[in-house]
Amino acid sequence: MLAHYLENAGIATVVISLVRLHSEKIKPPRALFVPFELGRPLGNPGDIAGQMDVLHAALAMLDHTGPEPLLADYPDPAPVKSGDWKPAFDVPGAAELSGAALRAECAAMLPPYHAQARKTGRSTFGLSGLTPEEVIALVADQLDGAGSRISSKLIRFAVDDLKSLYLESACLDQPPLSSAALSGWFWRQTLAAQAIAKFRTDFATSDDKSRQMIASFMVPGEWVDDLAL
Amino acid sequence: MAHLHDIPPRTRGSVEKLPCPVFETTNFVAGGPLSERRVAMISTAGLHKRGDRLFNLGASDFRVVPNDAPANDILMSHVSINYDRTGFLQDINMVLPLDRLAQMADKGEIGSVASEHYSFMGATDPTQMQDQAAQIAGMLKADQVDAVLLVPV
């Protein structure tokens with residue numbers, strides 16, 4: 001839709017489309033359907049040649065000036081090999097979820113998290129406005145029912161930051177990773193994921209409407225199903 | 001694997017049911033060769049500079065992402081969690097290909113890269129973004145932009 005609005009305002013556009021059905025209905029002037037997973041419109045991380053190819057294919061469509069909308073298809077990528085994967089460092093296991101166990105697991109994540117941030121010069125941690133140590137303390141306290149009551153918004157963004165901390169840690173000394181590898185490890189193997197799943201359950205049954213609302217921002221739908229939450 | 005049949009069932013249902021308005025006519029703006037175009041990007045990934053306002057549920061406004069913003073200064077606060085974020089955390093170019101556009105400009109494949117890019121949060125109904133799109137169009141013209149790449153998430 002943005003393409004129609006901009007084109008009506010005199011700006012030429014080309015859309016990268018992740019959902020062909022939507023482009024078929026909305027009919028932007030020029031759209032390149034890419035068969036990549038949601039969240040990865042340019043293909044694969046670190047794949048410079050592949051990303052450039054997508055851009056070349058999309059921007060070349062600017063030559064099209066009608067009269068009919070142009071919806072082109074980018075070739076399907078090679079299938080991703082799946083399999084068990086784990087980070088290059090050891091993560092302490094714990095049989096029972098608790099604030100103390102979560103703190104211990106998080107403590108193991110901090111060195112690789114900081115090492116990865118130094119190596120890449122980048123982190124996506126920071127939505128909560130808290131430090132990693134403060135996020136860990138906040139989440140662990142919430143898990144134990146300790147600490148002061150905090151806003152639902154802060155919990156939501158602290159959870160997002162905790163996910164970033166874990167997933168960026170796991171990328172240390174690894175080649176670019178698939179979503180299946182990283183997400184599979186996080187949701188199946190970590191106490192942090194168990195804690196987030198517990199928040200989801202607790203918030204969904206809370207009397208507080210703001211807690212009820214953020215319950216749906218905790219665990220991706222595919223993992224709700226996979227983990228039978 | 002964003003073919004509909006590859007999307008996890010819970011997300012696929014909402015994707016299939018998403019209302020899509022019909023546009024009776026389609027305008028096509030012509031332009032010069034790609035090698036002379038000034039290109040900007042508009043993302044719907046809920047991107048913004050570190051320290052900028054986060055996107056909240058229902059947000060229809062947009063954020064400005066300067067082209068020279070370091071990757072470490074670009075965060076994502078999209079409300080939806082039903083898409084992959086591990087690509088973005090490994091490589092900013094997954095959702096906002098800043099480095100790739102710069103390479104294209106260096107090679108002369110495009111004329112130049114815009115001073116600023118823009119981001120909405122795609123979870124909001126885009127029909128609520130029409131006024132903001134007009135505002136962005138004015139900003140794009142002020143920056144001499146004549147081609148926009150729209151990047152979803």
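Guide: The model is predicted, so local features need pLDDT of at least 70 and side-chain atom pairs count only at pLDDT 80 or more, while totals for chains, interfaces and linings use all residues. Residues are numbered from 1 along each chain as its sequence is written, and chains are lettered from A and ligands numbered from 1 in the order in which they are written.

Visitor: Let's start with chain B. In what order do its elements run from the N terminus on?

Guide: Helices (H or I, at least four residues) and strands (E, at least two) are DSSP runs, numbered from the N terminus. Chain B has four helices and seven strands. Reading from the N terminus, the order is α-β-β-β-β-α-α-β-β-α-β.

Visitor: What is the radius of gyration of chain B?

Guide: This value is taken over C-alpha atoms, and the globule rule is 2.2 Å times the number of residues to the power 0.38. For 153 residues that rule gives 15 Å, and chain B comes close to it, so chain B is as compact as a globular protein of that length. The radius of gyration is 16 Å.

Visitor: How many of the six residues of strand S1 of chain B are buried?

Guide: Buried means that 20 or more other C-beta atoms lie within 10 Å of a residue's own; exposed means 12 or fewer, partly exposed is in between, and C-beta atoms are placed from the backbone. Strand S1 covers residues 38–43 of chain B and is largely enclosed by the rest of the structure, because its buried residues number five.

Visitor: Which strand pairs with S1(B) over five bridges?

Guide: Two strands pair if DSSP finds at least two bridges between them. S1(B) has two bridges to strand S5 (residues 112–113) of chain B and two to strand S6 (residues 116–119) of chain B, both in the parallel sense. The one with five bridges, also parallel, is S7(B).

Visitor: And which residue of S7(B) is the bridge partner of Thr13(A)?

Guide: Here the pairing crosses between chains: strand S1 (residues 13–17) of chain A and S7(B) run parallel over three bridges. Within S7(B), Leu149(B) is the bridge partner of Met41(B). For Thr13(A), the partner is Val148(B).

Visitor: How many nonpolar residues does the side of chain B that touches chain A have?

Guide: Residues are in contact if their C-beta atoms, placed from the backbone, lie within 7 Å, and the contact takes 67 residues from chain B and 67 residues from chain A. Ala, Val, Leu, Ile, Met, Phe, Trp, Tyr, Cys and Pro count as nonpolar, Asp, Glu, Lys and Arg as charged, and the others, Gly among them, as polar. Chain B's side has 15 polar and nine charged residues, and its nonpolar count is 43.

Visitor: Is Leu98(B) buried or exposed?

Guide: Leu98(B) sits in helix H3 (residues 98–106) of chain B. Setting aside residues up to four places away in sequence, Leu98(B) touches Asn67(B), Ile92(B) and Asn93(B). With 20 other C-beta atoms within 10 Å, Leu98(B) is buried.

Visitor: Over in chain A, how far does helix H8 reach from its first C-alpha to its last?

Guide: Helix H8 (residues 191–204) of chain A has 14 residues, and its buried ones include Phe199(A) and Phe203(A). The expected span of a helix is 1.5 Å times one less than its number of residues. Close to the expected 20 Å, the reach of H8(A) is 20 Å.

How values were computed
Two residues are in contact if their C-beta atoms, placed from the backbone, lie within 7 Å.
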